[in-house]
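Have a look at the model along with me.

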Amino acid sequence: MGNRSGPVFTHGIDTIRAHQSTGQWLSLETDAAQLVGIALAFITGVRFMVPVRMGAALALVPTIQRWMESKQQSR
């Protein structure tokens, strides 16, 4: 059937990270809204970083091309 410990393990990591950032332990019963807020903030951050990473990679293309051409000429 598959490994069922994945979601439990991930929830444990999220709970520990939330505790490290806020100093409070979270529980699903009392702090569901706070967990949703943390998850949405994480997703928003990731969605913001994807275009930034793509832009940085595209900005480096001319530099990489010049470096590759210089390596080919030195051979």
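Which residues line the largest pocket? I started there, bearing in mind that this is a predicted model. I found Asp14, Arg17, Ala18, Ser21, Leu35, Ile38, Ala39 and Phe42 in the lining. The elements that each give two or more residues to this lining are α1 (5-22) and α2 (32-74). I then sorted the lining by class and got five nonpolar, two charged and one polar residue. For the volume of the largest pocket, I noted about 250 Å³.

Next, I turned to the chain as a whole. I counted two helices and zero strands in the protein chain. How much of the chain is buried? I noted that 7% of its 75 residues count as buried. I put the accessible surface at about 6800 Å², with 65% of that belonging to carbon and sulfur atoms.

Then I looked for a nonpolar patch on the surface. I found one formed by Val36, Leu40, Phe42, Ile43, Val46, Val50 and Met54. Together these residues have about 680 Å² of accessible area. I was pleased to meet Phe42 again here, as Phe42 is one of the residues that line the largest pocket and also belongs to the patch.

I located Ile43 in helix α2. Why does Ile43 count as partly exposed? I noted a relative accessibility of 45%, and partly exposed covers what lies between the buried limit of under 20% and the exposed limit of over 50%.

How values were computed
Residues are numbered from 1 along each chain as its sequence is written. This is a predicted model: local features need pLDDT of at least 70, side-chain atom pairs count only at pLDDT 80 or more; totals for chains, interfaces and linings use all residues. Side-chain values use heavy atoms; hydrogens and water are left out. Helices (H or I, at least four residues) and strands (E, at least two) are DSSP runs, numbered from the N terminus. Buried means under 20% relative accessible area, exposed over 50%, partly exposed in between (1.4 Å probe, protein chains only). Accessible areas come from the Shrake-Rupley method with a 1.4 Å probe; for residues, only the protein chains shown count as cover. On a 1 Å grid over the protein atoms alone, a cavity is a set of points where a 1.4 Å probe fits but cannot get out, and a pocket is an open set with protein on both sides within 12 Å along at least five of seven lines; lining residues have an atom within 4 Å of a point. Grid points are joined across faces, edges and corners, and a volume is the space filled by probe spheres set on the points. Ala, Val, Leu, Ile, Met, Phe, Trp, Tyr, Cys and Pro count as nonpolar, Asp, Glu, Lys and Arg as charged, and the others, Gly among them, as polar. Patches are made of residues with over 30% relative accessible area and no salt bridge: like charges are joined within 9 Å, nonpolar side chains (Val, Leu, Ile, Met, Phe, Trp, Tyr) within 5 Å. A salt bridge is a side-chain nitrogen of Lys or Arg within 4 Å of a carboxyl oxygen of Asp or Glu.
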